[in-house]
Amino acid sequence: MKNIKQASLDPDLSEKRKEVKKKLKKLEGLPSLPPIIQRLNQMIEDERTSLHQIAELIEKDQVITTKILRLANSAFYGFPRKVSTVQQAMMLLGLNVLKILIMTSSIFEFIHKEDIGLWEHSIGVAACSKIIAEKIGLGDAQEIATAGLLHDLGRVVIRVIFKEDQQKISDLISQGVDPLSAEKKILGIDHAEIGAFLMAQWNLPERLIEAVAFHHNLENSKKFRKEASILHLADLLVHARGYGKTPYEGLPPFEVRALKYLGLGWGEIKEILFNLEPRLYELKFFTEELKKEISTENREP
Amino acid sequence: MQRLPLSYLKPGMKTYEEVYDAQGRVLCGKGVELTEEMIKRFYELGVSYVTVEGTPVKLPWEKSLEEELSELEKRFEGVNDENLLQIKEILKELLYEKYQASLSRS
């Protein structure tokens, strides 16, 4: 399949695109980042701060501590042992990942019952990305898992702050327009770019931003083509296995050159899928639990 | 056999394989009937999952092989790219192997 290069956006769309970015910049309608993030940033920059002090700060916040431990223990990081303290989580995951976990858990909190399939998909892609990163020996597989978790952040954001546009996008998709073009037609920008834009606003590492920005557009990636290719492949494999739910009824478009960029053959793809299966089995318990929680929360006034 | 998180374990279930802690030490052999105390100890030692004999818990999200295969066909409907079809073949193989294993072992 050839990707038809879109002609330059018509004026209405480029206006819309500006409007979307403006809204994102001001984080209008987005859950504000918990104040703890700012404190955390200061502490991380201050070299005199010890990891112990950082852990102490986080542990003061019960809700965030619970969230961190729950995510760290969910099988997508796949630690053999239960992570029971923030300090342990910090040592296993690194500060960057920890920071991201705090941020994303506040975004994903806005996910509703009908959207949990997307969250499930993201968790599956996180697990798969980590397996692929380890397979090809790419450094800091934890960080790649986190990029996997965030790859559809833009879709979450569209659902949370551009509700009316989301409806129009869904309508187009049900008329047979492919999801990426539908997003571009309505918003002038797609979810990959939105996610990356927001991540840049949050000062997340460039590696994560680029991976998310180009996970549907490998050709345009520059410094982190392997990372983007990992997300691209993980996204396909998780869809192919039927884990979670996204706007794609079947499979997302696949660029086979991802395999070339990663140096992977079919034997390795097979190993990756066979390693992924038990991970997904374990993750299912975690997401089912979340589903139950969300549906009881929604029932309460 | 069925792999279960600790919260699903009940006394009386039998281990299908050894239970290890994070350091790889054996906490419990195979074919051992679980007791309340043992499950408590697993919690304390940070065990996350234990594989038990049979399929004592009905998991509402689990599908039969037939369901899995027909859903796989649906996801790949209209796909004729040979690379994607290769992935489909691997998944089929995976499903057959998975269900074969649980049949012959349970």
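In helix α4 of chain A, the buried residues are Ile64(A), Ile68(A), Leu71(A) and Ala72(A); a residue is buried if 20 or more other C-beta atoms lie within 10 Å of its own, and exposed if 12 or fewer, with C-beta atoms placed from the backbone. Viewed down the axis of α4(A), these buried residues fall within an arc of 100°, so they line one face of the helix. The arc is that of the directions from the helix axis to the C-beta atoms. Gln62(A), Val63(A) and Thr66(A), on the other side of α4(A), are exposed.

The model is predicted: local features need pLDDT of at least 70 and side-chain atom pairs pLDDT 80 or more, while totals for chains, interfaces and linings use all residues. Residues are numbered from 1 along each chain as its sequence is written, and chains are lettered from A.

Helix α9 (residues 153–161) and helix α12 (residues 191–201) of chain A pack at about 90°, with their axes 7 Å apart. That makes α9(A) roughly perpendicular to α12(A), a term for angles of 65 to 115 degrees. The residues that meet, with C-beta atoms within 7 Å, are tabulated below.

| Helix | Residues in the contact |
|---|---|
| α9(A) | Leu153(A), Gly154(A), Arg155(A), Val157(A), Ile158(A) |
| α12(A) | His191(A), Ala192(A), Glu193(A), Ile194(A), Gly195(A), Leu198(A) |

Overall, chain A has 16 helices and 0 strands, counted as DSSP runs (helices H or I, at least four residues; strands E, at least two). Of its 301 residues, 40% count as buried.

Notes:
Axes are lines fitted to C-alpha atoms, for helices over the stretch in contact, and angles run from 0 to 180 degrees between N-to-C directions. Angles under 35 degrees count as roughly parallel, over 145 as roughly antiparallel, 65 to 115 as roughly perpendicular and the rest as oblique. Two residues are in contact if their C-beta atoms, placed from the backbone, lie within 7 Å.
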